[in-house]
Amino acid sequence: MIRVGLVGFGMAGKVFHAPMITAVDGLELAAVVERHTRNAELMYPDITTYTSLEAMLADTTLELIVVATPNTLHVPQAHEALAAGRHVVVDKPVGITPAEIADLIAHAKEVGRYVMPYHNRRWDNGFRTLKKLLHEERLGEIVSFEATFDRWRPLPRGSAWRETAGPGSGILLDLGTHLVDEALQLFGLPLSVSAEVICERPWAVANDSFTVRLRYSHMTATLTANCLAAMPRPHYNVRGTRGGYLKWGLDPQEARLKEIFRIEEPGWGVEPSSGWGTLAIDVDGNMVSQPIEPIPGDYRLYYSGARDAIIGKAAPPVEAIDALRAAKVLDWAEQSSTEHREIVCDWESTN
């Protein structure tokens with residue numbers, strides 16, 4: 001049994017991490033860091049609550065530390081856990097800059113421990129299904145990939161740190177990390193990046209809208225997100241030489257996780273047929289469309305992969321280098337938006 005310590009019990013810790021850890025055989029949620037409250041104990045009475053990461057690390061039985069705090073704390077807290085000889089899962093984005101992620105990767109190698117980025121959207125139903133369709137070459141050669149997170153959030157959300165000014169805030173680091181990671185997983189490393197990263201809401205001080213274009217030799221991946229989408233666009237719109245795939249709406253896991261704290265129901269991640277995507281294929285000159293039942297989404301698979309990596313049965317579910325590559329793309333996107341030009345990707349640079 002791998003005993004796990006969770007640092008932070010806000011939205012990320014409470015919704016995306018604790019329910020997954022407690023649902024995976026071989027993992028035990030043993031401790032949580034909450035500086036001012038003891039909310040986790042109400043849901044998980046058997047845990048120990050600490051007020052600091054330093055106090056938690058004094059418990060030498062904890063083998064895996066999960067960092068689910070605000071973005072600016074990810075790297076220093078991950079370094080602290082590595083220095084104490086623990087494996088680390090870090091919520092996205094792992095770091096604010098490519099350089100600090102590169103330093104963290106070097107530290108993990110030095111101490112012989114894993115840093116595993118929590119890129120959980122790889123286990124969304126739409127992404128898992130699209131990956132299968134591309135593997136089967138159902139769409140032919142892909143010429144255009146569009147992925148979108150559309151939201152309607154016209155008003156400030158109280159003291160939400162992601163909407164404040166300063167490092168680590170803004171929608172580009174938040175949702176952009178997911179979208180870029182998906183594109184890199186599906187299509188590899190792009191040749192160049194162009195982007196517009198802006199504030200659309202009149203009161204916004206952190207970026208709340210972006211369009212990032214990744215140019216490949218025979219296709220373009222367009223990644224967008226905003227907070228003023230009264231009429232959302234498809235989450236995925238993929239075009240190929242044989243046909244296309246359209247998927248509306250997001251994986252149902254997140255909405256369900258906001259309502260529960262333990263995964264006990266059967267059929268987890270199964271989506272009603274009303275949310276299925278549509279595949280359209282050219283058959284002898286006629287376009288044939290059909291609904292595609294998605295592969296169920298399951299974020300638990302990330303944590304079962306983390307468990308298997310720690311016990312030496314498998315590679316990590318997400319490699320640390322993937323977080324560095326995504327950070328580089330986001331850095332180039334910021335540069336492109338500021339300089340109003342396309343940035344050629346330098347994948348040989350160290351950070």
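Colleague: What radius of gyration does the chain have, and what would a compact globule have?
Modeller: A compact globule with 351 residues would come out near 20 Å, and the chain agrees with that. The rule behind it is 2.2 Å times the number of residues to the power 0.38, with the radius taken over C-alpha atoms. So the chain matches the rule, at 20 Å.

Colleague: What pLDDT do local features need here?
Modeller: Residues are numbered from 1 along each chain as its sequence is written, and side-chain values use heavy atoms, leaving out hydrogens and water. This is a predicted model, so totals for chains, interfaces and linings use all residues, side-chain atom pairs count only at pLDDT 80 or more, and local features need pLDDT of at least 70.

Colleague: How many helices and strands does the chain have?
Modeller: Both are DSSP runs numbered from the N terminus: helices are H or I with at least four residues, strands are E with at least two. On that basis the secondary structure comes to 10 helices and 15 strands.

Colleague: Which strands are the edge strands of the open sheet?
Modeller: Nine strands line up as 14-13-12-11-7-10-9-8-15, with mixed pairing. Two strands count as paired if DSSP finds at least two bridges between them. An edge strand pairs on one side only, which gives strand 14 (286–292) and strand 15 (343–344).

Colleague: Which residue in strand 14 is the bridge partner of isoleucine 281?
Modeller: Strand 13 (residues 277–283) and strand 14 run antiparallel and are joined by seven bridges. Among the bridge partners, isoleucine 281 has valine 288.

Colleague: Which residue in strand 10 stands opposite valine 212?
Modeller: A hairpin takes the chain from strand 9 to strand 10 (residues 220–226) through four residues. The two strands run antiparallel, with seven bridges between them. Opposite valine 212 you'll find leucine 223.

Colleague: And which residue in strand 9 does glutamate 196 stand opposite?
Modeller: Strand 8 and strand 9 pair in the antiparallel sense, again over seven bridges. The residue facing glutamate 196 is threonine 211.

Colleague: Is helix 5 roughly parallel or antiparallel to helix 10?
Modeller: The axes of helix 5 (residues 98–111) and helix 10 (residues 320–339) come within 9 Å and cross at roughly 170°. Axes are lines fitted to C-alpha atoms, for helices over the stretch in contact, and angles run from 0 to 180 degrees between N-to-C directions. Under 35 degrees counts as roughly parallel, 65 to 115 as roughly perpendicular, over 145 as roughly antiparallel and the rest as oblique. The pair is therefore roughly antiparallel.

Colleague: Which residues of helix 5 meet helix 10?
Modeller: Contact means heavy atoms within 4.5 Å. Helix 10 brings several residues, including Ile321, Leu324 and Asp331. From helix 5 come Pro98, Ile101, Ala102 and Ile105.

Colleague: Which strands does helix 10 touch where it packs on the sheet?
Modeller: The direction of helix 10 makes about 65° with that of strand 8 (192–198). The strands touched are strand 8, strand 9 (209–215) and strand 15.

Colleague: How many of the 11 residues of helix 1 are buried?
Modeller: Buried means under 20% relative accessible area, exposed over 50%, and partly exposed in between, using a 1.4 Å probe and protein chains only. Among the buried ones in helix 1 (residues 11–21) are Val15, Phe16 and Met20. Helix 1 is largely enclosed by the rest of the structure because the buried count is nine.
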